[in-house]
Amino acid sequence: MYLIRKIRSQFNSWALLSVIFSILILLPALLIMVQLFAGSNENWEHIKEFMLKNYIVNSVTLVSFTGLFTVLIGVSAAWLISAYKVPMHRFFKWGLILPLAIPPYIGAYTYHGILNYTGVIQTTLRNQFGIKVDQKFFDIMNIPGAVFIFTMFLYPYVYIITRSFLENQSSSLIENARLLGKGSFMTFTQVVLPVSRAAIVGGVSLVILEVFNDYGVVKYFGIQTFSTAIFQAWFGMGDIYSAIKLAGTLMLIVVLILILEKVIRGRKQYSYSTSKVRPLQPKELKGWKKFAVLSFFISLFALAFGIPFIQLIHWVYMTYDVILNTAFVDLIWNSIFVAAIGSVIIIIVALIIANFSRLSKGWMGKLFSKITVLGYSIPGAVIAIGVLTLFLSLDEKVFTVYEWLGLEPTLVLSLSISMLIFAYVVRFLAVGFNSIESGFDKVGTVFTEASRTLGMSVTKTFFKVDIKMIKGAIAGGFILVFVDILKELPLTLILQPFNFYTLATKTFQYASDERIHEASVSSMVIICISALSIFFLHRVLEKEPK
Amino acid sequence: MFKKNIFTAVVMVLLAALVLAGCGKSNEGASSSDNDAKKEEKKSGEVNLYTSRHYDVDDKIFADFTKETGIKVNLIKGEEDELIERLSREGKATKGDLFFTSDAGRLHWAKDKDLLQSVESDTLNNNIPENLRDKDNQWFGLTKRARVIVFDKKKVDESELSTYEALTEDKWKGKVLIRSSENIYNQSLVSSFVSLNGKDEAKKWAEGIVNNMARDPQGGDRDQAKGIVAGEGDVAIMNSYYFGQMLNSEDPEEVKVAKQLSVFFPNQETTGTHINISGIGVTKHAKNKENAIKLMEYLSSPEVQKVFAEANYEYPVNKEVEPSELLRSWGKFKEQDLNLSELGENNADAVKIMNEVSWK
């Protein structure tokens, strides 16, 4: 009785919608997971005996080193940019986020193209200076190479979260440390690192999930990890059971990491203690220090954005006349279209669930907020097959309706873009949700409660008060999701409808035919659209009331 | 009241998004939810293809086919294994009429999963040699490629090369370049050895190659060729058409690399050089079977074969058609005497063998 009353007390249309969305998101995962408990078979024994150790070692090595380096680079860049003023400060502030516009798989193709035997560096050395180099020094298609690629194109996750924390929330602590005569190094290690721990962990766990989920880079470099193993077992051996066992193992690791994240973050929450938070004022740097910081920024920007970007421009110049045609315009339109629709839906769903989960003190709200993260921790290909299974069974359900109408039974849902968009929602809801949840966290529930006390309903409060206070978070979430969908690969490859290509799938097709030069045009468009979006994101974050 | 409105509003937005998505789709011409009449009209004139080949020449040929016959060709381009999975999940409701991919093993696998159907066509039987099509005519080879040895003319004398097996001798220790075992062309190569020489010999070969590798497998076929010129190894195993592509690359450096190398067709005195195909089959539940067969016949016709094969430096399967000048300059060669179905039958064994000998 108590339970029922408890549930009823939490129940309203917000709850209802949250329940519906959560179930929809859970379904594809569940359809896959029921098979996790099937008994082992010959293939699984084979995988366990010869390969599993290798997968674990490779995946864990990639994740640990990438995690370490993204923290080192991301945090020091965030600290230096928020504490010191160097020439071109305003440019670097957002320029250092730009690498996020380059999907790691495109980064991998491009760097391999630069470094290999016919790449620009070796060619120049050979033809201009007659130097022939040992290939070992230019070999990027291995684990250290992959760590380099991931670090360069994923560190902005750590950078962006840490920087916005440092800028907005730590000024009094840091200024006190400075007043008390601590040098910059001491301030960094003794004040900055401990207080920004939560932000750093938040950023690096995004990096880790991205690395675990990556398929493009490791496949291209020939590194066997969990995600390539899932593909190989499922599609290569035709063994869905082993694939799901692998996916299940991966999910287990991911869940452990998420728990670890909660533990490390601990109970320490740094939120506004007063309504006025002064942003941190950067100090002028002088002498060699200025030079050192500036060269750090320049080399980071060059490696993570400038160099690959210039190489791509050169390739675009080589191939644009073959690639650019009217079909290419469709490609751009398709990509923007699905990304925009997907992002809008994700933001709406995220707003509903986040608002419900923050206002309901009960377990239901907490549970829903956990469910949204699920999709982000499952490899895209696994989600794709789950969604396909779901939509096919829906299609079969409506067969009878068609027959009754006198039509021939045919696939409607599972050949439509709605399936693809639904899969995007499952996969990327977490990205939008996190942004909106942190927006809600910042404002707290004080204003909502005030509005409720004044007699407005939850829904009215939501539109009149809440939504206006988190505009920045909504815009930020939208842009992040938009860029993610634009770059998405494995899921789009599996679920695309007839005659429907996106920039990402086109890039992959050329790259998998070893035609890297031809892949450059679509890569370039992805990067430019993403870069523009990131620029807007930066503007949004800048404008947000401090 | 207001609450209800919001609820409806949200539902409306979601529905609108779905409808929009649907509209976008029908603009693409792949509609399935249109009204009856339109459907009838389209039915007479389309064929739906699941393809893992993404060469631009394919699109051009399909466009020509549409021009000639009025039959529209709709495409889903993906990776072969995922397309097979999708076909099998769609079952009898599938809209796919044809499955087109570039490996005989995968075609056989599709057949094995009961996704294809037999086709009786004299045109196809005349145009395509028996060993390049399925025993039950469930799939047909359309273009042919050889997995050859490529070597540096300056470092290796052609007389030193003989067979795939010879590459496992000590002489080649640290000198053989080949890509990873995840690659389907390598899997099919090992499959062919399982067929011709038995599992044990095939495993011995794979072990020998792993021992003689110049470096851990990495990159694609083109990277193996570059590895030779860069001095990492002396010989590389790669598909013939990649070598053709490099010779004709828009990147002058790649052309330079290719020009330093030569092609060698191994096992001429023994079992023959390993060949593979791009092939096509009608799906079991094809809704446009007639159009599908028309397209297959079109693709096997001499005029199309010429363009089809030449654009990608592959060998035409139609015996009436001469290979391109470049391929002719490499000379004629003896092929493995094998029905290509066997590549698929032995694929699982091949994958396991390669894993067991730690072929990365």
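Me: Which residues of α7(B) do B:Ala104, B:Gly105 and B:Arg106 of α5(B) meet?
Reply: They meet B:Ile184, B:Gln187, B:Ser188 and B:Ser191; contact here requires C-beta atoms, placed from the backbone, within 7 Å. The model is predicted, so local features need pLDDT of at least 70 and side-chain atom pairs 80 or more, while totals for chains, interfaces and linings use all residues. Residues are numbered from 1 along each chain as its sequence is written, with chains lettered from A and ligands numbered from 1 in the order written.

Me: What makes α5(B) roughly perpendicular to α7(B)?
Reply: Their axes, lines fitted to C-alpha atoms over the stretch in contact, with angles from 0 to 180 degrees between N-to-C directions, come within 9 Å and cross at roughly 80°. Under 35 degrees is roughly parallel, over 145 roughly antiparallel, 65 to 115 roughly perpendicular, and the rest oblique. So α5(B) counts as roughly perpendicular to α7(B).

Me: Why is B:Asp114 called exposed?
Reply: B:Asp114 has 11 other C-beta atoms within 10 Å. The cut-offs, with C-beta atoms placed from the backbone, are 20 or more for buried, 12 or fewer for exposed, and partly exposed in between, so B:Asp114 is exposed.

Me: How do you know that the span of helix α8 of chain B agrees with expectation?
Reply: The rule is 1.5 Å times one less than the number of residues. With 14 residues, α8 should span 20 Å, and its end C-alpha atoms are 20 Å apart, so the two agree.

Note on methods: Helices (H or I, at least four residues) and strands (E, at least two) are DSSP runs, numbered from the N terminus. Two residues are in contact if their C-beta atoms, placed from the backbone, lie within 7 Å.
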